[in-house]
Amino acid sequence: QEGNHDIRIVLPEQPGNLEPCGTIITTVGQVLSQNVTEPLATVNAKTGQPEPKLATKWEQLDPTTWRFNLRKGVKFQDGADFNAKAVAFSIDRMTSGKLTCNNMAKFGNAKLTVTPVDDYTVDIKSDKPQPILPTLLSVVMMVSPNTPADKAVNDPVGTGPFKLASFTPQNVVLEAFSDYWGDKPAVTKATYVWRQESSIRAAMIETGEADLTPAIAIQDANNPDTDFAYLNSETTAMRIDAEQPPLDDIRLRKALNLAIDWDGLSQLFGEDAPRASQMVVEGIVGHDKNLKPWPYDLERAKSLIAEAKKDGVKVDTEIRLIGRNGIYPNGAEAMEAMMMMWQEAGLNVKLVMLDVADWLRYLQKPYPEDRGPTLLQSMHDNNKGDAAFTIPIFYRSTGQYSVLNSPEMDAEIDAAMAATGAEREKAFQKIFDEALNKYVTDIPMYHMIGYTRVGKRLEWKPDISTNSEIPLANIRFKQ
Amino acid sequence: MLNYLGRRVSYSAISILGLLTLVFFLTRLTGDPSALYLPLDSTPEARAAFAQLNGLDQPTYVQFWNFLTDLSRLDFGESMRQNRSAMSVALEAFPQTLKLAVVAMTLSTILAIVIGSIAAARPRGVFDRIASFLSLAGASAPDFWVAIVAILVFSVGLGILPTSGTGGWQYWIMPIFVLMLRPFGLLVQVVRGAMLSSLTSPYIKTARAKGLSRHSIVFGHALRNSLLPVITVAGDLTTGLINGAVIVESVFGWPGIGKLMIDSIIQRDFAVVQSTILVTALAIFILNIMIDLLYAVLDPRVRY
Amino acid sequence: MTDKHAILEIAGLTVDFLSDDEPVRAVDEVSFHVCRGETLVILGESGSGKSVSTSAVMDLVDCPPGDIVAGDIRFEGRDLRNIGPEARRSINGCKISMIFQDPLAYLNPVYTVGRQIAEVFESHGVARGEVARRHTIELLRRVGIREPELRIDFYPHQFSGGQRQRIMIAMAIALEPDVIIADEPTTALDLSVQAQILDLLRDLQREQGMALIMITHDLDVAASMADRVIVMKAGKVVEAGVAKDVFTCPRHAYTRALIAALPHGDAVESSNKRATSIGDEVLLRVDHLIKDYPLSSGAFKSKRLLRAVDDVSFSVHKGETLGIVGESGSGKSSVARMLLRLFDASSGAAYYRGRNIFEMERRELLAFRRNVQMIFQDPFGSMNPRMNVREIVSESWAIHGDIVPKALWRDKVVDLLELVGLKPEHADRYPHQFSGGQRQRIAIARALASEPELVVCDEAVSALDVSIQAQIVDLLVDLRTRLGLSYIFITHDLAVVRTFADRIMVMEQGKVVELNDTATLFSSPSHEYTRKLLAAAPQPKWLAA
Amino acid sequence: MNASSSSLPASPPARRSNQLLQYLVRDKLALASALLLALLVLAALLAPWLLGDAATKLGLRYRNLAPFSLDHGWLYILGADILGRPILARLLVGASNTLGIAASAVVLSMTIGGSLGLIAGYSERWYSHVILRLADIIMSFPSLLLALIVLYTLGPSVQNLIIVLAITRLPVYLRTARAEVLEVRERMFVNAARAMGAKPLRILLRHIAPLVVPTLITISAIDFATVILAESALSFLGLGIQPPDFTWGAMVANGRGYLSTAWWIAFWPGLAIMLATLSLNVLSSWARTVADPQQRWRLQKLKRSQR
Ligand SMILES: Nc1ncnc2c1ncn2[C@@H]1O[C@H](COP(=O)(O)OP(=O)(O)OP(=O)(O)O)[C@@H](O)[C@H]1O
Ligand SMILES: Nc1ncnc2c1ncn2[C@@H]1O[C@H](COP(=O)(O)OP(=O)(O)OP(=O)(O)O)[C@@H](O)[C@H]1O
Ligand SMILES: [Mg+2]
Ligand SMILES: [Mg+2]
């Protein structure tokens with residue numbers, strides 16, 4: 001099979017660094033994950049279930065201990081052997097706190113202790129029960145024991161099918177690693193470059209300067225031959241600050257939901273983007289397919305407001321709609337549109353667009369004292385297969401983003417978190433239902449769609465994981 | 001003159017120190033970087049650890065003191081984003097921008113001088129009108145607009161130039177063109193304006209009486225007397241470019257200091273912000289000193 | 001007026017200047033010609049169109065706003081009005097060259113004089129590089145610039161008025177053209193240098209058969225150079241003829257007035273036009289004034305010093321007129337500028353009413369500057385090109401609020417303009433729209449506007465024709481008599497100082513070589529240079545021949 | 001002539017404005033520019049009242065509507081934007097913020113920068129050094145950082161935006177003014193004015209400034225576009241004017257992603273910026289001609305005498 005099998009990938013942003021501990025950062029993950037570094041297990045995009053990678057098998061010994069059997073005959077790109085020690089090293093490196101490790105965020109404050117059982121078996125113990133540890137470990141990249149343990153690096157050495165050839169301000173180059181344990185990939189060399197403008201990235205594929213670009217804007221995805229839409233794991237929503245009058249009145253919160261012309265608005269998100277009724281996408285444990293979102297009913301919204309007004313609710317208080325610049329494509333336009341719609345319904349909504357760091361002050365507790373009634377633009381990404389990564393943060397009174405203060409809800413959540421199996425799923429679904437219809441502290445909007453343009457040369461399709469990784473090994477060439 | 005230069009350099013050194021101090025304190029008013037570096041769902045403990053790791057937990061004056069002591073050892077800190085020395089990040093990006101700036105400014109200054117002078121030689125003539133119109137249209141066109149349209153036309157439509165990136169001479173054409181638009185437009189107008197007044201001076205009559213060619217009257221006598229504002233404005237435009245051709249760099253994927261600066265600012269990568277400002281400020285101060293010396297060379301009446 | 005041998009011939013030239021108002025007719029049906037080896041002198045009233053008509057020959061009248069209504073200009077039979085730019089360039093500077101009236105403005109301030117002269121050689125392909133430089137040095141030497149090897153790399157602002165004029169002359173004679181148009185070439189030159197320059201021109205005429213058109217106000221110079229003379233007034237030629245005839249039996253009334261107004265030294269000296277006596281009060285005392293200029297051609301080179309003013313001391317009493325004469329470049333203007341504190345003296349002191357000028361506080365200085373006015377040697381440069389005459393003249397009233405109430409400014413400006421022989425409508429014009437002499441009169445009007453006690457006149461009347469000169473001198477004398485004004489009167493015109501000054505100071509190379517009252521100085525000059533100066537007065541050509 | 005000048009009209013200001021009008025009428029291009037600018041100013045004043053609603057009302061049905069069709073009313077003649085709002089209405093309404101911000105920023109930076117430059121060029125005292133080094137500092141201070149800092153500490157608002165833009169454009173005026181002063185102050189007429197007792201302020205304002213200001217005006221006319229576009233870049237980065245407020249610059253920035261699919265969204269505001277800048281420049285070059293006595297004849301009627 002002759003032909004040039006070097007490919008070029010255009011990313012929207014330059015990866016700031018190539019620290020394997022930061023692969024949950026989109027740009028880092030898209031370069032490193034499964035290419036240079038590999039985890040013990042990967043998550044199947046379709047089923048949401050963990051599958052073997054560097055671990056061949058695992059079992060839960062007790063609620064806090066898992067045992068992993070490691071793949072044999074795997075070598076790191078610097079020649080070091082992959083074994084239990086290497087696993088211990090990689091996990092310790094992540095948890096030690098000696099370097100900033102983004103991936104750690106997935107574990108919360110969990111403490112992990114790794115005990116090698118023999119060369120190719122490890123026990124991983126956590127301080128709290130971790131029912132989905134293998135799923136979580138999909139973000140822990142195995143790195144060579146020769147990696148500095150106290151310093152973030154830009155020259156990761158992993159076990160993947162590709163090794164890092166160079167990292168310059170212009171590009172990152174990966175070359176096939178000849179001693180790879182698995183199948184030899186079709187791609188021989190991959191060069192990553194980055195351009196901010198979506199239209200230019202699209203143009204680069206069109207002219208053949210590059211072969212693949214993730215995340216182009218919807219208006220650039222106009223060629224069905226090369227442009228693929230995929231549901232990513234992100235859900236957009238507005239959070240209603242129910243603690244602040246007049247938003248503490250549920251009628252107003254319902255009216256906010258009802259006043260949006262969802263069909264009109266969907267134009268900005270792409271017609272394919274499914275309307276959301278809850279904060280997690282299908283495939284995540286806890287998602288309720290049958291939960292109906294709020295409809296568009298301006299009249300009802302108006303009458304709810306009028307009702308509230310009659311009861312002395314100060315409905316004409318200025319409500320600040322806090323948007324974040326660049327949060328997602330057309331994000332500012334969406335905010336403008338929603339503001340207009342709410343104004344139409346008779347609410348005094350005023351849009352304020354903020355820079356990320358400023359916006360974060362409103363997103364996370366403790367909220368600013370003098371914030372007044374606000375609506376906050378937000379986007380939530382749960383790609384970990386379980387609503388446990390969503391519900392407590394949003395709906396428990398202690399949750400970081402929570403505006404809800406209901407002991408009943410807290411109790412329900414605690415019960416659901418402890419449950420397993422179908423019971424767990426049911427409990428989560430109930431919570432989502434209550435959040436939507438009983439408490440109405442947010443306005444779920446859409447499950448987001450990403451668009452990827454793939455050059456004519458390649459055989460490859462994006463999926464829900466494309467936002468965090470682009471495994472080069474899966475790329476084939478058309479004959 | 002040496003005296004002047006000495007004074008000038010020492011004042012500039014003080015100013016740069018002042019600049020760095022200003023930058024240091026002001027950037028720290030712009031929010032907590034940990035919010036930006038860590039994933040949204042990371043725990044308060046992780047944030048505290050991050051702050052401690054990067055020395056952000058200390059009071060600002062202590063951080064400043066540390067910054068100064070590091071500075072005296074020529075240690076400019078580590079980039080939080082890039083995991084390496086902030087100065088090396090800045091120094092890597094700077095030549096890329098400098099190359100662009102030098103080429104774009106040289107070309108646009110030369111072109112503007114030639115075209116502006118010819119336009120001024122026959123004010124309100126056809127050439128003047130066309131040159132003014134085109135240069136002004138270029139100067140007032142939004143640069144990202146021009147850049148994207150150029151890519152759509154020349155790369156996608158005609159396929160004669162690469163869309164973006166760095167490499168051979170083809171890669172330079174569009175960035176340079178887009179970068180030149182505004183400096184060129186402004187300089188043409190400045191040259192034209194200054195030339196119009198010089199061309200009415202009596203010494204131009206002398207030159208005509210001497211039988212000089214039109215060429216040496218315009219470019220020899222009138223131009224030389226018009227150069228002060230021209231080099232000043234050109235200098236200012238150069239500093240503008242040195243400070244970062246943000247749009248061009250990000251559209252064309254040029255790994256320059258402008259893009260670096262804005263990324264670092266948005267990411268609150270303080271050490272890199274400080275290092276880039278130090279590098280560009282040095283370049284700008286040197287440029288300004290050179291321009292001031294040039295005044296004295298160009299016009300013997302100028303004294304300091 | 002046709003002559004077979006005429007090399008340059010102007011016929012029926014009429015030039016207007018256009019604007020929103022009625023066109024200003026600067027030159028009206030003027031015809032003259034000049035032959036090889038001949039000197040044509042143009043005499044005339046200030047503002048009568050001499051400069052404009054000769055500039056038209058060189059195609060230097062900008063049209064518009066100028067408008068050559070009619071006329072014919074022929075050089076060696078070729079019609080100069082309708083030649084292309086190439087042909088024009090081969091004539092200008094090479095075949096015909098011009099010496100401009102106002103040398104500072106006409107030199108490019110940013111190039112060394114050497115380069116500006118060498119450019120003439122280079123642009124006409126005669127010589128370049130080192131050769132051109134050697135030629136240039138030689139030329140500077142011929143026009144009497146000392147140390148030409150050094151001075152060649154100086155910039156125009158580093159020269160004295162007379163030196164600049166000689167640089168213009170050097171530029172004009174560089175290619176030994178067929179015709180030289182010399183517009184007031186010697187106004188800033190002392191008699192000895194003037195003699196040297198005139199000799200130089202005569203030599204060129206003799207050797208090359210060069211034709212010379214010379215505009216001058218100095219009747220002595222005119223007489224000494226002219227073969228033929230034309231006299232202009234109000235844009236028209238009012239008299240034309242062979243020099244001797246015009247001088248000895250002028251026909252037109254203006255010419256007669258002109259020749260009559262000539263201050264003939266012997267006649268007026270005794271009277272000295274003085275009606276009041278000089279006060280005892282010493283207005284100004286200058287003590288050991290020294291000025292060193294850094295002698296460098298660029299901003300970077302070393303610090304050798306040129307001593308321009310060397311230990312000068314003198315005093316001026318109230319109501320007195322001190323004349324300063326001296327070699328061109330001897331430091332006269334430098335003294336004047338130091339007295340006005342336009343730049344600092346290197347050492348020495350000057351006391352005005354007992355107060356050291358160089359140490360005055362702001363308030364004192366303001367009062368001083370109200371009472372002491374200066375008329376600059378270079379009137380064009382001393383006026384803001386963006387201000388019209390009204391604004392220029394009324395400026396001191398704006399600065400010193402108490403002189404004239406604002407409501408009267410308009411009328412007072414008109415009065416002042418009329419005093420110096422200008423018209424009321426000139427008030428709305430700008431400096432570039434005037435002739436050399438008119439500008440000088442505006443400068444005088446401006447200086448008088450603030451009702452000063454002491455006026456420093458640096459070549460204040462050099463560009464004026466004799467009749468107007470007399471009018472101005474009369475005005476100054478009148479002010480001296482009525483208001484007790486004092487003057488420091490820097491000039492090259494011995495006849496004028498002789499009638500006007502009470503005492504005369506003679507300077508040479510920065511030093512005062514003689515200081516005496518006028519009568520004594522003229523009757524028994526003690527210093528050798530003074531004697532040389534007095535003896536250098538030119539002789540009428542028809543007598544010499 | 002004599003008679004005419006001695007009986008000068010009683011009210012010189014009226015005569016002068018009359019004359020200016022005549023000069024304007026004689027330069028057709030300048031006249032057209034002045035009219036266009038007047039129209040824009042009118043739009044800036046009136047459009048927010050008249051068209052404010054039309055410009056902000058959603059029309060998601062008309063999303064990215066193509067221009068040159070009257071089917072949906074004249075407001076849609078230039079097409080509609082991403083949210084289906086009529087571009088024409090938005091251009092007219094946007095004129096007010098755009099022109100307001102640009103004009104204030106340019107005027108502020110020109111007057112402050114110009115004055116400081118005059119002082120720095122004329123005086124040799126300590127403060128002229130301070131001014132210059134301050135200019136160096138401003139020049140080296142990235143405008144984006146400044147914008148971010150102001151935004152954070154003072155909050156996003158039109159005034160703050162103007163302050164940021166004015167500060168960043170200040171050095172060019174300062175340094176240009178200074179450079180020209182360095183030369184002009186050595187001219188003879190400045191000496192003459194000093195000799196007459198003129199105070200430094202008068203020399204600066206009456207003698208030096210008139211020769212320096214034309215250059216500054218030339219720069220400012222183009223800076224008008226620079227400022228609009230800088231503001232556009234800032235709002236693109238989220239540091240400029242914030243939705244729902246908008247300017248032409250912000251409109252271009254938002255529309256740039258649609259250049260290949262709906263060119264009109266970014267094109268019209270870009271064209272508006274260009275036209276405004278062009279007319280300002282034509283007008284500034286006209287003003288330069290009027291202000292220069294040696295050039296003024298170009299605008300006079302130059303009545304010839306009979307031949
Ligand atoms: N650019 C101009 N615009 C209007 N009028 C002008 C202009 N130049 C010269 N004049 C007028 O033309 C007339 C002739 O000027 P010209 O310079 O030829 O006088 P002149 O004879 O050389 O006088 P002087 O002996 O004072 O130098 C003067 O009245 C002058 O005011
Ligand atoms: N700025 C300067 N730099 C250097 N040398 C200067 C400068 N100004 C004048 N000089 C020199 O100083 C000397 C005296 O000049 P000054 O102008 O005082 O002469 P002057 O007596 O007025 O002569 P003139 O009669 O020719 O006007 C001259 O040799 C001149 O070249
Ligand atoms: Mg004259
Ligand atoms: Mg002198």
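**Notebook: salt bridges, a metal site and one interface**

I began with C:Arg353, which is partly exposed at a relative accessible area of 35%. (Buried means under 20% relative accessible area, exposed over 50% and partly exposed in between, with a 1.4 Å probe and protein chains only.) C:Glu281 is also partly exposed, at 36%.

Before going on I noted that this is a predicted model, in which local features need pLDDT of at least 70 and side-chain atom pairs count only at pLDDT 80 or more, while totals for chains, interfaces and linings use all residues. Residues are numbered from 1 along each chain as its sequence is written, chains are lettered from A and ligands numbered from 1 in the order in which they are written, and side-chain values use heavy atoms, with hydrogens and water left out.

**Salt bridges in chain C**

I looked up how C:Arg353 and C:Glu281 meet: their side chains form a salt bridge, at 2.4 Å from N to O. C:Arg353 is in the loop between strand E14 (347–352) and strand E15 (355–356), and C:Glu281 in the loop between helix H11 (265–269) and strand E11 (282–295), so the pair ties together parts 72 residues apart in sequence. (Helices, H or I with at least four residues, and strands, E with at least two, are DSSP runs numbered from the N terminus.) A salt bridge needs a side-chain nitrogen of Lys or Arg within 4 Å of a carboxyl oxygen of Asp or Glu.

Next I took C:Arg503 and C:Glu320, whose closest N and O atoms in their salt bridge are 2.5 Å apart. C:Arg503 belongs to strand E19 (residues 503–508) and C:Glu320 to the loop between strand E12 (304–317) and strand E13 (321–326), 183 residues apart. C:Arg503 counts as buried at 19% relative accessibility, and C:Glu320 counts as buried at 3%.

I then checked C:Asp102, which forms a salt bridge with C:Arg439 at 3.8 Å between the closest N and O atoms. C:Asp102 lies in the loop between E6 and H3 and C:Arg439 in helix H17 (residues 436–449), so this pair ties together parts 337 residues apart in sequence. Both C:Asp102 and C:Arg439 are buried.

**Magnesium site**

Which residues coordinate the magnesium ion (ligand 3)? I found C:Ser51 (OG) and C:Gln101 (OE1), at 1.9 to 2.3 Å. C:Ser51 is in helix H1 (residues 50–57) and C:Gln101 in the loop between strand E6 (96–99) and helix H3 (113–123), 50 residues apart. Donors are N, O and S atoms within 2.8 Å of the metal (3.2 Å for Na, K and Ca), and water is not among the atoms, so sites may look incomplete. C:Gln101 is buried, at 17%.

**Chain B against chain D**

I looked up the contact (heavy atoms within 4.5 Å): it takes 68 residues from chain B and 60 residues from chain D. The two chains bury about 5600 Å² between them, 69% of it on carbon and sulfur atoms. In chain B, the residues that lose the most area to chain D are B:Arg124, B:Phe144 and B:Trp145, together 11% of what that side buries. (Buried area is the accessible area, 1.4 Å probe, that two parts lose on being put together, summed over both.)

How many salt bridges cross the interface of chain B and chain D? The rule finds 5. One pairs B:Asp292 with D:Arg175, at 3.4 Å between the closest N and O atoms. B:Asp292 and D:Arg175 also belong to a network of salt bridges with B:Arg8, D:Arg133, D:Asp136 and D:Arg178.
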